[in-house]
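This briefing covers a surface patch, a ring pair and a loop residue. Please read it alongside the sequence and the model.

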Amino acid sequence: MPWVFLVVAALLELVWATALKQSEGFTRLWPSVIGLSVALLSVVVLSVALRDLPVGTAYAVWVGLGSLGVAVTGMIALGESVSPARVACLGLILIGVIGLKAVEG
């Protein structure tokens with residue numbers, strides 16, 4: 001179950017990072033509120049996962065999956081550049097996350 005919480009926390013990271021982008025430097029109220037609220041919720045859910053997972057593994061997976069999700073969202077929904085090198089590097093992040101899951105169980 002801690003891995004489920006960790007994945008949920010990472011998915012929430014995708015939401016808050018995207019909302020903060022839409023907040024335009026905290027100049028738009030609702031994207032700012034959503035971004036900050038979901039960021040707090042993401043950290044709370046991460047802390048639940050940390051009850052049973054090593055902090056190094058949990059934090060690396062949280063940041064890795066979150067950054068991977070935000071990058072893919074940026075490419076698909078926000079028109080950010082898609083290059084073979086960028087996709088390959090994101091693939092390496094995913095391989096690292098899978099590797100951490102494999103060694104932690």
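**Surface patch, ring pair and loop**

Trp30 is exposed, at 58% relative accessible area (buried is under 20%, exposed over 50%, partly exposed in between; 1.4 Å probe, protein chains only). The model is predicted: local features need pLDDT of at least 70, side-chain atom pairs count only at pLDDT 80 or more, and totals for chains, interfaces and linings use all residues. Residues are numbered from 1 along each chain as its sequence is written, and side-chain values use heavy atoms, leaving out hydrogens and water.

Nonpolar patch
- Trp30 has its place in helix α2 (helices are DSSP runs of H or I, at least four residues, numbered from the N terminus).
- Val15, Leu29, Trp30, Val33 and Ile34 make a nonpolar surface patch of about 480 Å².
- Helix α2 (residues 29-49) supplies the largest share of this patch, 4 residues.
- Patch residues have over 30% relative accessible area and no salt bridge, with nonpolar side chains joined within 5 Å; a salt bridge is a side-chain nitrogen of Lys or Arg within 4 Å of a carboxyl oxygen of Asp or Glu.

Aromatic pair
- The whole structure holds 1 aromatic pair (ring centres within 6.5 Å; planes under 30 degrees apart are stacked, over 60 edge-to-face, the rest tilted).
- The ring centres of Tyr59 and Trp62 are 5.6 Å apart and the planes are at 50 degrees, so the pair is tilted.
- Both residues lie in helix α3 (residues 55-77), 3 residues apart, about one turn of the helix.
- Tyr59 is partly exposed at 47% relative accessibility, whereas Trp62 is buried at 9%.

Loop residue
- Ser23, in the loop between α1 (2-22) and α2, is buried at 1% relative accessible area.
- Beyond its neighbours within four places in sequence, Ser23 contacts Arg28, Pro31 and Ser32 (heavy atoms within 4.5 Å).

Terms used: Patch = residues over 30% accessible without salt bridge, like charges linked within 9 Å, V, L, I, M, F, W, Y side chains within 5 Å. Areas by Shrake-Rupley, 256 points an atom, 1.4 Å probe, with all protein chains shown as cover. Helix = DSSP H or I, 4+ residues; strand = E, 2+ residues; numbered from the N terminus. Phe/Tyr/Trp six-rings, centres within 6.5 Å; stacked < 30°, edge-to-face > 60°.
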